[in-house]
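Please keep the sequence and the structure in view while reading.

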Amino acid sequence: MTPVASQRYFDQAADLIHLSDELRQLLSTPQRELTLQVPLTLDDGTHRVYSGYRVQHNRARGPYKGGVRFHPAADLAKTRSLAALMTWKTALVDIPFGGAKGGIQVDPSELSVTEMERLTRRFTEALGPAIGVYRDIPAPDMNTNPRVMAWMMDQYSIMETYSPAVVTGKPVELGGAPGRDSATGRGAVDVLESHLNFDGRPLAGSRVVIQGFGNVGSWMARTLVDRGAHVIALSDVSGGIYREQGLDIDALSAHTAQGGLLADLDGIEGDGITNAELIELECDVLAPAALGDVITIDNVDRVKAGVILEAANGPTTPDADEVLWDRRVAVIPDILANAGGVTGSYFEWTQNIQQFSWSEDRFNQELGERLSRAYDKTRAMADEHSVKLRTGAFALGVERVASAVTLLGHR
Ligand code: NAD
């Protein structure tokens with residue numbers, strides 16, 4: 001989501017709840033921004049210096065929480081708006097965290113595994129006392145994964161003391177939680193099911209189109225099929241596949257698990273389509289789970305889905321969002337649709353602190369309950385004020401944070 005979009009959604013929510021000017025000002029700016037020098041010695045002995053960031057937006061409801069991305073386009077402005085989004089998201093799902101985001105401006109595809117490890121450890125050193133189990137808890141984001149989290153956790157533990165709860169999204173062998181890997185995709189389906197059921201419609205039998213077959217898209221597809229829905233089209237960066245009767249998700253997963261792309265399918269039933277065609281397919285639910293800005297003013301008039309499930313961050317541009325609202329196409333906003341990820345991170349953190357592991361069944365059950373509560377509250381807020389689900393979701397998040405800030409004496 002662009003900084004302009006996130007500010008617009010914040011402003012709409014602030015208007016709805018009649019937020020005071022003082023609180024608007026306080027919540028529109030982050031509490032702390034760090035720009036860090038991250039030097040790296042390459043494998044060939046030469047040196048580079050990268051810029052690292054951590055923006056801590058608000059901690060009125062609990063320690064700062066948010067991902068770390070390694071990306072050439074990472075910068076302070078984007079990190080700042082993503083940190084604010086995390087504040088509203090953690091408040092919306094009512095978990096005891098604030099919001100933060102961080103990253104390094106780097107193209108990780110240019111680095112070897114050993115260079116990535118050294119870079120991650122230097123970044124963690126540079127963050128130093130700014131992070132901590134009850135201070136700020138990073139997590140994976142674009143181009144960071146459980147392995148990167150393991151290095152961060154280890155480096156922090158070397159500097160301080162053994163602290164598995166300082167990051168989430170770790171490998172299960174090192175304190176990660178069974179269920180965390182699937183939590184974003186599964187949670188998106190939980191939210192979708194709440195939405196459909198609220199309107200008296202079953203998830204089973206729904207025809208769903210998914211863009212993206214990575215972590216989120218693949219878990220969504222599997223969960224949908226388990227619950228009786230039909231995934232009729234799927235895509236990845238190479239293109240997509242369409243089959244009106246439903247796709248064989250197990251066969252597709254087996255293909256991509258070997259590193260295969262959807263454009264190179266052989267022997268799997270379905271017709272090839274482009275990513276542009278996929279967005280415009282006739283279906284009950286369109287679930288973008290890859291990139292931002294894929295439903296825009298240029299293609300929104302050709303979108304035929306009845307429900308948009310924003311599993312990716314910022315897949316709908318604000319002007320396309322207005323068109324969908326005018327047409328009364330339901331958009332389940334990213335802040336709610338993909339909140340299963342941070343909710344799962346919260347479960348991992350609590351298990352680490354208690355040094356007690358939950359079963360995966362318990363993890364999934366608590367995830368579903370928490371997300372369906374968040375949906376119901378969002379729906380009630382949106383219906384009461386006749387506003388979009390997005391405005392309702394932002395308003396709930398902003399209202400909860402504003403209330404905590406007020407109770408703390410405007411801190
Ligand atoms: P991923 O890297 O595992 O998968 C991304 C998928 O998108 C891949 O299938 C890739 O081929 C596809 N893709 C890339 N470029 C594309 C293009 N131009 N057109 C079509 N498809 C393309 O990423 P992920 O973790 O599944 O995340 C997907 C989205 O969900 C991102 O927007 C991310 O910010 C958001 N999200 C992820 C999590 C999480 O826990 N993983 C949590 C919250 C939000």
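Accessible areas come from the Shrake-Rupley method with a 1.4 Å probe, and for residues only the protein chains shown count as cover. On that basis the accessible surface of the protein chain comes to about 16,800 Å², of which 49% belongs to carbon and sulfur atoms. The model is a predicted one, in which local features need pLDDT of at least 70 and side-chain atom pairs count only at pLDDT 80 or more, while totals for chains, interfaces and linings use all residues. Residues are numbered from 1 along each chain as its sequence is written, and side-chain values use heavy atoms, with hydrogens and water left out.

**Overall form**

- The protein chain has 14 helices and 12 strands, where helices (H or I, at least four residues) and strands (E, at least two) are DSSP runs numbered from the N terminus.
- Along its principal axes, the C-alpha trace of the protein chain spans about 55 × 55 × 40 Å.
- Of the 411 residues, 57% count as buried; buried means under 20% relative accessible area, exposed means over 50%, and partly exposed lies in between (1.4 Å probe, protein chains only).
- Among contacts (heavy atoms within 4.5 Å) with a separation of 6 or more, 68% are accounted for by residues 24 or more positions apart.

**Salt bridges**

- Side chains of opposite charge can pair when their charged atoms come close.
- The count comes to 26 salt bridges, a salt bridge being a side-chain nitrogen of Lys or Arg within 4 Å of a carboxyl oxygen of Asp or Glu.
- Asp43 forms a salt bridge with Arg118, with the closest N and O atoms 2.8 Å apart. Asp43 lies in the loop between β1 (32–41) and β2 (47–58) and Arg118 in helix α4 (residues 113–127), so the pair ties together parts that are 75 residues apart in sequence.
- Asp43 is partly exposed, at 45% relative accessible area, and Arg118 is also partly exposed, at 33%.
- Glu348 forms a salt bridge with Lys170, with the closest N and O atoms 2.7 Å apart. This pair links helix α12 (residues 340–354), which holds Glu348, to the loop between α5 (146–159) and α6 (180–198), which holds Lys170, 178 residues apart.
- Glu348 is buried, with a relative accessible area of 0%, and Lys170 is buried, with 5%.

**Network**

- Glu310, Asp321, Glu322, Asp334, Lys388 and Arg390 are linked in a network of salt bridges.
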